[in-house]
Amino acid sequence: MSEKVYDVLPQAAANAYINAEQYKEMYARSVNDSDNFWAEQADAFISWFKKWDKVQDWNYHEGKIRWFEGAKLNVSYNCLDRHLEKRGDQVAIIWEGDNPQSDKKITYRELYEKVCRLANVLKAQGVKKGDRVCIYLPMIPEAAVAMLACTRIGAVHSIVFGGFSPEALKDRVLDSGCEVVITSDEGLRGGRPVPLKTNVDKAVAHCPNVRTVIVVRHTGRHMDMVAGRDVWYHEEIEKVSAECAPEEMDAEDPLFILYTSGSTGKPKGALHSTGGYILYTAMTHKYVFDYHDGDIYWCTADVGWVTGHSYIVYGPLANGATTLMFEGVPTYPDAGRFWQVIDKHQVNIFYTAPTAIRALMGQGNELVTKTSRKSLRLLGSVGEPINPEAWEWYYHIIGEDRCPIVDTWWQTETGGILITPLPGATKLKPGSATLPFFGVVPALVTNEGDILEGATEGNLIITRPWPSQMRTVFGDHDRFIDTYFKTYPGNYFTGDGARRDEDGYYWITGRVDDVINVSGHRMGTAEVESALVLHEAVAEAAVVGYPHDIKGQGIYAYVTLMADIEPSEELKKDLVRLVREEIGPIASPDVIQWAPSLPKTRSGKIMRRILRKIAANEVENLGDTSTLADPSVVDHLVTNRAVKS
Ligand code: PRX
């Protein structure tokens, strides 16, 4: 653990909305006078058609969470209409293409018109308030347009990351009951096309409810359009009006579904609702990134993940910001791309993931120091713990000691940032997400649920709701309660472990369940196992994460073959291919080890603790193996440990 402490930078303090004293005062009030605190924030940040009857109402035992019930608002109105008078001609979205020659700027007025038009197209296709719409798009402005068009008419979007396979797309379309899919001909990443429309065709062949596929022309490659089902976006938007009245939504009406992985079973549809979500994302965007009018703000995430939802689209646009959307990858055309884009668009606030920082750090400093980066004022990190070495590089080399780093801890389920420094208030410690945001009350508990006090380490829970907490698992409220509120009754269990130091700073240590985090992509080991056992040669599979220099965690699969099957390199390739087909390239195992059998307790439970240690090459210290049905299994696995590729 790093012992270093970095004081609040004078230039950050001078600029900031909130200093250390104000943080303490506001935090205390957010907890002790919660209703009034949040009512004031709701007044300050959001335009309501009608105010709420009650600020909050909750019961974690029932998984009941309500904020601002009875209030009426519209998210697209908050992100667009209300900005038109003052900043209609201000750029809302800067789009930087995969190809460095292609970029685009879209003003608030232009975005407003695009959103109204697509909203009218959706209506013309029969989409009504409450209906679900699947968005499977690359990082192009139409992704934001599609999100906002849904919110305009009260439809619930479900974005599926463009890296997911047709099979994974199909599962999500079916589970959420989408009848319309918005996609594009192709995506482009690192100069290579991604066959999005073709993937949709494969997925939708098994989704009888999908009646319309709206296709954005992006790369221009010829596409076969299915008559009666597929329509071109650019043709349809010409047929409709450029005005569309915003639907009045209740604060608790659903806003979107986003699938995320857990320890067991298929990914869950995390359902977020309207009022609390837009308030919390706007407020965190302003205070965590110390966003000021005129700043150019860039979050490098994909809109397919929650970071893209909250901090590329909703939070920034609610605040009237200029948000940069980047289609490409950090290493194309070369590993200096991020820094070149920062100079090109004079980016002030830059938010990325540790895996990207580590990968670029490995390329040396020359590509960085060739660029100016003088516009930068603040740096952010999200998605996984940032190791102090990467933090220091980010701070000294990228930010030249002049930009605070906000290491923001949060989750798909939390909708917005929960633990984070505030740049004008919080001293930084490399590797620590530091302190809770307003209204957030974290605690650490033992496995038995006893609350731990002071400097300690344990399981991270949150003891009361905040406005952007997910409201349910779409279609399965019992699963919501079982997953988050049963382990430590009356509290939200995050699935993460954390350490708290003597200053009350939180250091997230990673997942304590069977979820792994590969390059910031969250995955359930059970999902990868389910894909592997689909192969007829496979009898059983167990998947664990292992430490990986760049990705944070890599995927290590132990595979037991059917009795008559011979292991081979060919079979390994087949298995990797199968996982890519079932889930997508992000789930490809890095290592496959043939395991004649797996270490199990006498009751048949796989002892993953041991598998994790073998994968991490911590074979000296495997712990107690006496409860295993057959301890010799472990020796075999250790002796035949696969060498990582
Ligand atoms: O383990 C934590 C890790 O990412 C998980 C949430 O993943 P996801 O729902 O995909 O959302 C990622 C983007 C918000 C958490 O349970 N995580 C996220 N941010 C951090 C982090 N771990 C440590 N430090 C962070 N800043």
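Q: Why are H3 and H10 called roughly perpendicular to each other?
A: In this predicted model, the axes of helix H3 (residues 34-45) and helix H10 (residues 274-288) cross at roughly 80°. Angles from 65 to 115 degrees count as roughly perpendicular. The value falls in that range, and H3 and H10 are therefore roughly perpendicular to each other.

Q: Which residues make the contact of H3 with H10?
A: The axes of H3 and H10 come within 10 Å. H3 contributes Gln41, Ala42 and Phe45, and H10 contributes Leu279, Ala282 and Met283. A contact requires C-beta atoms, placed from the backbone, within 7 Å.

Q: What makes the residues of the contact of H3 with H10 nonpolar, polar or charged?
A: Ala, Leu, Met and Phe are among the residues that count as nonpolar. The contact of H3 with H10 has five nonpolar residues, one polar and no charged.

Q: What makes H10 roughly perpendicular to H11?
A: H10 and helix H11 (306-318) pack at an angle of about 90°, and their axes are 8 Å apart. The range for roughly perpendicular is 65 to 115 degrees, so H10 is roughly perpendicular to H11.

Q: Which residues of H10 and H11 meet?
A: From H10 come Ile278, Thr281, Ala282, Thr284 and His285; from H11 come Ser310, Tyr311, Tyr314, Gly315, Pro316 and Ala318. By class, this contact of H10 with H11 has six nonpolar, five polar and no charged residues. Gly is placed among the polar residues.

Q: Why are S5 and S20 said to stand at the edges of their sheet?
A: The open sheet has seven strands in the order S5-S4-S17-S16-S18-S19-S20, and the pairing is mixed. Strand S5 (103-107) and S20 each have a single partner strand, so one side of each is left without a neighbour in the sheet. On average, neighbouring strands of this sheet are turned by 20° against each other, direction ignored.

Q: How do you know that S4 and S5 pair?
A: Two strands pair if there are at least two bridges between them. Strand S4 (residues 91-96) is joined to S5 by five bridges, and the two run antiparallel. One of the residues involved is tryptophan 95, whose bridge partner in S5 is lysine 104.

Q: Which residues are closest to the ligand?
A: They are Pro385, Gln411, Thr412, Ile508 and Arg522, among 22 residues that surround the ligand. H11, strand S20 (405-408), strand S25 (492-500) and strand S26 (506-511) each supply at least two residues of this shell. By class, the shell has seven nonpolar, ten polar and five charged residues.

How values were computed
Residues numbered from 1 in each chain as written. Predicted model: local features only at pLDDT ≥ 70, side-chain atom pairs only at ≥ 80, totals over all residues. Axes fitted to C-alpha atoms, helices over the stretch in contact; angles between N-to-C directions. Helix = DSSP H or I, 4+ residues; strand = E, 2+ residues; numbered from the N terminus. Parallel < 35°, antiparallel > 145°, perpendicular 65-115°, else oblique. Contact = placed C-beta atoms within 7 Å. Near = placed C-beta within 6 Å.
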